[in-house]
Amino acid sequence: MRYVDEFRDRDLCTDRLDAIRSVGAELGRHVKIMEICGGHTHTIYRNGLPGLLPDNIEFVHGPGCPVCVVPMGRIDDVRHLVENDGVVLCTFGDVVRVPGRNGSLLEAKAKGADVRIVYSPMDALDIARREADRVVVFLALGFETTTPPTAATILRARAEGVANFAVHCNHVLVNPAILAILEAPGQSIDAFVGPGHVSAIIGTGTYEYVPREWGKPFVVSGFEPLDLLQALEMILVQLREGRAEIENQYSRVVTPGGNSHAQALVDEVFEVRPHFEWRGLGSIASSALAVRPEFSDWDAEVRFDLPGVRLEDARACQCGEILKGALKPWQCKVFGTGCTPEHPIGSCMVSAEGACAAYYSYGSQGLRSDGTVAS
Amino acid sequence: MSGTRAEVPRSISERLRDRPVVRDRAVTSSHGAGGKAQAALLEGLLFESYGSDELRREEDGAVLHTAGAERLVFTTDSFVVTPREFPGGSLGRLAVFGTVNDLAVMGADPRWISVALILEEGFAMDELRKVADDIAAAASEAGVAIVTGDTKVVERGRGDGVYVNTAGIGFLPEGLDLGAHRVVPGDRVVVSGNIGDHGTAVLLARGELAFAGDVRSDCGTVTELTRALLEAAPGTRWMRDPTRGGLASVCAELAAGSGAGIVLNETALPIRPTVRAACELLGIDPLYVANEGKVVAVVPEDEADSAVEALRRLEGGGAAAVVGTVAEDSAGVVLLETAVGGKRVVDQLVGDPLPRIC
């Protein structure tokens with residue numbers, strides 16, 4: 001595949017790894033780098049990168065797995081919708097296994113609820129057009145990358161007057177989550193690998209507070225192994241030179257200002273919520289989006305009477321500590337025992353982008369004393 | 001940090017070998033996807049009730065000893081697919097080849113099959129005739145006779161048009177001994193052609209995706225392939241057809257069953273560019289995508305090249321390749337040596353591969 005294979009080239013990756021080893025040795029100390037985006041976590045494990053890195057370079061996995069941060073109460077709300085209001089519930093594939101208080105949407109489906117997997121919100125709108133006698137609700141979630149398509153779908157629904165369609169909005173914003181992690185007590189992160197696709201929408205300028213106020217390098221990266229290795233090298237060079245700046249490794253996709261057309265779409269349809277509950281991280285101010293009142297006909301939270309119960313995360317679950325990078329997946333009390341991909345307790349174990357699922361499925365058999373994977 | 005933990009964490013390979021338990025309160029689609037949930041259903045529930053020695057071997061068929069010297073292989077499989085016709089195959093063809101292939105990878109010469117149909121009221125006769133004709137044509141291609149059958153009709157709304165069950169019997173050649181127990185370090189893993197074609201073709205044929213692609217299912221009989229393989233590599237240890245769950249799942253089963261470690265080489269995996277691209281777009285790993293006309297085999301190191309050569313001469317075997325090695329270490333676990341030189345575990349999925357959100 002063109003534009004993909006080049007970024008998985010072994011020789012090019014080996015060159016970057018050599019450079020990383022040499023700068024890493026010069027630094028001569030343990031370096032903790034958080035990749036914010038779940039897509040990066042997936043790339044790291046899928047390509048077996050931890051085993052290739054020098055011992056003093058450690059990736060910790062941030063909150064950027066959109067499926068992982070959806071709280072149980074929101075899953076229960078849509079489950080209530082599909083079981084009691086007889087709606088067709090459409091959502092992305094890996095969401096259906098996220099546990100709510102009384103089980104996942106996949107289990108609801110097994111009991112007869114009409115849960116369907118779609119590949120984009122427009123697919124859900126298509127179902128609404130085809131099945132005019134049903135009400136179709138799209139469970140929307142994700143960071144800034146998946147928000148513009150949801151906005152475009154709501155605008156299309158309004159333009160065409162599709163009345164039997166609504167969105168249950170769980171879209172979240174990346175910067176409040178980064179700030180929550182920076183402000184967490186005992187935080188010891190040296191630098192960040194910035195999200196790629198999110199940055200394509202919002203631009204790299206929005207992260208300026210990270211180097212300015214927190215003195216930490218922030219390098220936006222693409223999703224292929226060569227991208228990540230190059231971003232890692234850029235971070236290490238910044239650390240060696242005592243710099244803290246925003247740098248853009250993913251310049252083939254990401255610009256400083258982002259995609260203004262997409263930003264305008266999002267602005268037109270959504271507004272920032274005062275508070276939103278994140279699984280594992282708790283309530284974070286101004287961290288999520290809601291459908292604007294002028295589009296309330298397509299807002300499932302307005303159209304339906306939802307229980308809106310706020311639930312504590314499962315007590316045994318340490319997803320919060322994992323999402324903040326304070327614990328490695330295997331250090332969680334229930335990792336691999338009470339919580340497995342077959343029977344997840346915490347959502348980090350559900351999505352392939354979740355740190356725990358990635359670690360469980362792709363981790364090698366040997367664990368070093370510091371929790372990194374030996375191969 | 002919540003302080004250091006005194007006990008050493010159980011290694012992931014130990015966890016991967018845990019015996020499955022059924023904790024779900026009801027059957028979900030995951031229980032039929034050929035992954036961990038299905039293994040849990042078999043071992044944790046069905047085998048508890050009626051697990052015979054033959055069943056617990058969890059092979060594609062059972063070897064039956066007759067009063068004489070002859071050994072039979074017996075297998076059964078049920079088929080549902082949406083849509084019923086897709087590029088390269090159909091429900092009727094799948095139903096025959098699925099059972100025939102299970103016999104063939106056991107090393108047997110497939111001879112007889114049964115066909116049982118569960119029909120839903122209202123199912124169009126024209127469609128039924130098409131399914132029946134496909135079954136007849138596939139049986140003739142595979143050289144098996146349909147010798148017994150059954151037909152049931154369920155009320156409208158109680159079935160998906162038509163469900164097909166087939167069972168099959170074949171003869172096992174004298175002296176042939178295949179199985180996970182014969183696999184030893186140094187052996188090579190061979191696959192008979194491009195992986196992921198069937199699953200991708202069906203996914204695209206459903207027309208639910210915003211893109212299309214020209215991918216045909218590999219739906220077909222593997223009897224010629226297994227015969228050629230056994231002839232070219234008489235020391236062949238083990239064979240499987242990597243259907244639901246794909247190459248990854250059968251390798252994981254082999255590793256668990258033999259206690260051997262398997263190391264697959266990512267760059268050696270034969271995958272069509274269109275299949276790779278479709279999987280890439282959906283966030284699905286082609287290692288887990290179903291095949292319906294492929295063989296995975298473990299052969300002795302010194303027979304690997306002749307095995308691949310023999311397969312490549314046959315229709316459907318053009319892309320045959322050595323894709324991995326049986327390793328001394330990493331016992332019971334499948335590792336993938338990635339294109340960039342890293343290593344990762346290839347674990348069984350819980351259920352169906354689900355597209356990732358972004």
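Predicted model: local features only at pLDDT ≥ 70, side-chain atom pairs only at ≥ 80, totals over all residues.
**View 1. Domains 1 and 2 of chain A, with C-alpha centres 32 Å apart.** Domain 1 is made of two stretches, 5-64 and 182-248, while domain 2 takes in 72-174 and 258-303. Where they touch, 10 residues of domain 1 of chain A are in contact with 10 residues of domain 2 of chain A.

**View 2. The side of domain 1 of chain A that touches domain 2 of chain A, where 10 residues of domain 1 of chain A meet 10 residues of domain 2 of chain A.** Two elements, β2 (57-64) and α8 (197-202) of chain A, each bring at least two residues to this side of domain 1. Of the elements here, α8(A) gives the most, with 5 residues.

**View 3. P344(A) and its contacts.** Look for P344(A) in the loop between α13 (319-323) and α14 (355-362) of chain A. Is P344(A) buried or exposed? P344(A) counts as buried because it has 26 C-beta neighbours inside 10 Å, and the cut-off for buried is 20 or more. Leaving aside residues up to four places away in sequence, P344(A) touches R97(A), P99(A), C339(A), M349(A) and V350(A).

**View 4. S286(A), a non-glycine residue with a positive phi.** Most residues other than glycine have a negative phi. For S286(A), though, phi is near 50 degrees. This serine belongs to the loop between β12 (282-285) and β13 (289-291) of chain A. With 14 other C-beta atoms within 10 Å, S286(A) is partly exposed.

**View 5. E58(B), another residue with a positive phi that is not a glycine.** Over in chain B, E58(B) has a phi of about 50 degrees. E58(B) has 15 C-beta neighbours inside 10 Å, so it counts as partly exposed.

**View 6. The cis peptide bond between T82(B) and P83(B).** Most peptide bonds are trans. The one joining T82(B) and P83(B) is cis, and its omega is about 0 degrees. To find the spot, go to the loop between β2 (71-79) and β3 (85-86) of chain B, which is where P83(B) lies.

Note on methods
Residues numbered from 1 in each chain as written. Chains lettered and ligands numbered in written order. Helix = DSSP H or I, 4+ residues; strand = E, 2+ residues; numbered from the N terminus. Buried ≥ 20, exposed ≤ 12 C-beta atoms within 10 Å, placed from the backbone. Contact = placed C-beta atoms within 7 Å. Domains from an automatic or database assignment.
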